[in-house]
Every structure is written in C-alpha cells, then in structure tokens.
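Have a look at it first.

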Amino acid sequence: MKILAIDVGTGTQDIMLYDSYDSMENAVKMVLPSPTKIMAHRIRQHHHDLFLSGETMGGGPVNKAIKSHLDKGYRVLMNEHSARTVRDDLERVRSTGVEIVPLNEKHPEIAELELNDVDLVAIKEALSNFDVELDFDRIGVAVQDHGYQEGMGDRNFRFQKIREKLDVPRAPEEFAYYGEVPPYFTRMQAVQRTLKDYNPLIMDSKFASICGATMDPLVGEMDRFIAMDVGNGHTLAASFMDGKIHGVFEHHTGILTPKRIEELVNKLAAGTITHEEVHEEHGHGAWVIDAIDSYECLVATGPKRAILAETDLKVHNAAPGGDVMMTGPAGLIKSIKSL
C-alpha cells in the first residue's frame, strides 16, 4: 500500500510518500515552506486589490499579510470559505475591512489568489523533477483546527472537544477522522472538500505528531512516558500508559518557560494538573483520566523542542523512520494502517 502523508504546520509542510513494501527510512520525504507562509509571500507581491478565493486554510502569516494589504488601502475580497482563514466568525472578518462574497461569485477584474492547505499539483510537480510519480492508495493530512461554536472562545471550544474525545484512555490514532469530519472543524472540512475524490484521513496536527512519536523504536519499548509536541504556536503533552493516552495539557509555546514545562509535565504524570491553572495562564487546558505516576522519559517532537534541553527532564527526541521531522506524517501513516 502506498500512502501520501502531509502534515501542514505554521512553519513547514512535512510530506512523506511511503510504500508499505519498503522501510520508512527509504520513503520519499520533503520538508517545504508551509502553505500559509507561501500564500503570505504571494499576497505581499501584489500592489493592488485582491480576490482571495479557494478554501479555509491556516491563518498566521496569511492573516498578517491580509491586514498589511488592507492597511495599505487595497481592497481584499474573500468568499465564505476562504474568509474563515481569518476568523470563523464572518462578522468579525467583515469588521477588519475584508469584503465577503458568495461562494460562486467571480471577479475577473481583480487579481485572484486561491487559498488552500493542500496543493497536490505542486507536490506532483516537485516530485516529477526527481522522476518520482505521485501515486498513492491512501492519503492522510494533518492540520491544527480549533473548531468553532458561536459564542464560545476558540481555546475553550478546542479543549472541550479534546476532553470529550478522551472520555476513556485512547490510542492516539483514535483521534483521526476517516470518512466524516465533524462540521465544527472548519479547516478540516476544507481539506475534506479539497480531497473529496480521495477519501482522506484527517487528523489534528498535534495528535498526528504525538502518534508518530510512538513509532520511534525506543518509545515502542516504553510502558509509561510523556510525549510532547513543542510547536511554533502551541505545545501539547500527553501521558501514556500501555500505549494509550491517559491525560493531556495544551499551552501556548511562547508562554512556557523550562521551569514551567517541568512543573506541568510532572503534574500531568501525577494526575494533579488542573484545567484551571493552564487556562488561567492563557493555555487551552488540561484533562487527566488517571495518573501514570513515574515515567521513563519525555518523548519530544516539534520545531521548538530545543527548549526542553534547558529543563532537568530526561528527554528523548522521537525519530520514526530515523527522521525527527517526520513525526506528523508517521502518525498519519500509523493511523491509516490502523484502519
């Protein structure tokens, strides 16, 4: 079975074309600039009005580029899907100065850029330069999606859905969606629409990375450990026992210090961490089913994991298939195989 796995982050998009008849070490891999960074660059190249069509995608750099474009006095038009890149609340998007138009409306008089988290054409062209054919049986995509419910903040809503899913200890691959994505996950819905002809598996990027970390050979021999994805924007940690997640906390990376990471990790293992203490620090929250008590080490992944070297924790950098950059794609592959 051939699997195309794409982990779409804020800084990079990590791509693996894996063949189950060969080792993961020999899979074709690419680490490229993220779609949101690419699109932000394209927006900045234009010095006139813009129509941003397409789909909901990751915000961050794109939203900064849109704001800059508006501040220069240019018009920015977006459709009802692409506008959710800025905010899921479309009234708040309008308040920024963006003009929202119906989905099928065309504006040939205005330069157009198409927003999307997944560009199979570009991936195919990149691979073709190395005589690699983009041929796959299954496709998996990971994106981070806070979800949206009117009247509820995105931090609260995101963690509410994590807590609802973790009603019992679960393997990380159980956090993947296959065939149907909940309607409140608007970014995942956009990926589903983009890849509707391929029946994709879609997963939150944090849980994909945590799942991939468990494919590290050393981690596979551990009974109790904490897996942590230290991302550019968010950090998620999960306590593992017998291959299943027993508790999680999620925070904003920029707020965390080495000392605070130590405190939260040890509280997570002991089962004494509270949702309130994390949320009041402007993190997303915490939820523990039961304590795992002692643990063998902290299994690390993510682009900002270097901060863990400043802690007193025993740290192991997860490298599924021998590659620390491929935990997200590896997690998607593991989830697809589990089907």
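## Overall picture

The protein has 11 helices and 16 strands, read as DSSP runs numbered from the N terminus (helices H or I, at least four residues; strands E, at least two). It's a predicted model, so local features need pLDDT of at least 70 and side-chain atom pairs pLDDT 80 or more, while totals for chains, interfaces and linings use all residues. Numbering starts from 1 along each chain as its sequence is written, and side-chain values use heavy atoms, with hydrogens and water left out.

| Property of the protein | Value |
|---|---|
| Span of the C-alpha trace along principal axes | about 65 × 50 × 35 Å |
| Accessible surface (Shrake-Rupley, 1.4 Å probe) | about 15200 Å² |
| Carbon and sulfur share of that surface | 48% |
| Buried share of the 339 residues | 53% |

Buried here means under 20% relative accessible area (1.4 Å probe, protein chains only). Among contacts (heavy atoms within 4.5 Å) between residues at least 6 apart in sequence, 64% join residues at least 24 apart.

## Helix α1

Helix α1 covers residues 35–44, and its buried residues are P35, T36, M39, A40 and I43. They line one face of the helix, because they fall within an arc of 130° seen down the axis, going by the directions from that axis to the C-beta atoms. Their cover includes strands β1 (2–8) and β2 (12–19), along with helix α2 (61–71).

## Residue D229

D229 sits in strand β11 (residues 224–230). Is D229 buried or exposed? D229 is buried, because its relative accessible area is 7%. Leaving out residues up to four places away in sequence, D229 touches K206, S209, I210, H234, T235, L236, T301 and G302.

Note on methods. Buried < 20%, exposed > 50% of the residue type's maximum accessible area, 1.4 Å probe, protein only.
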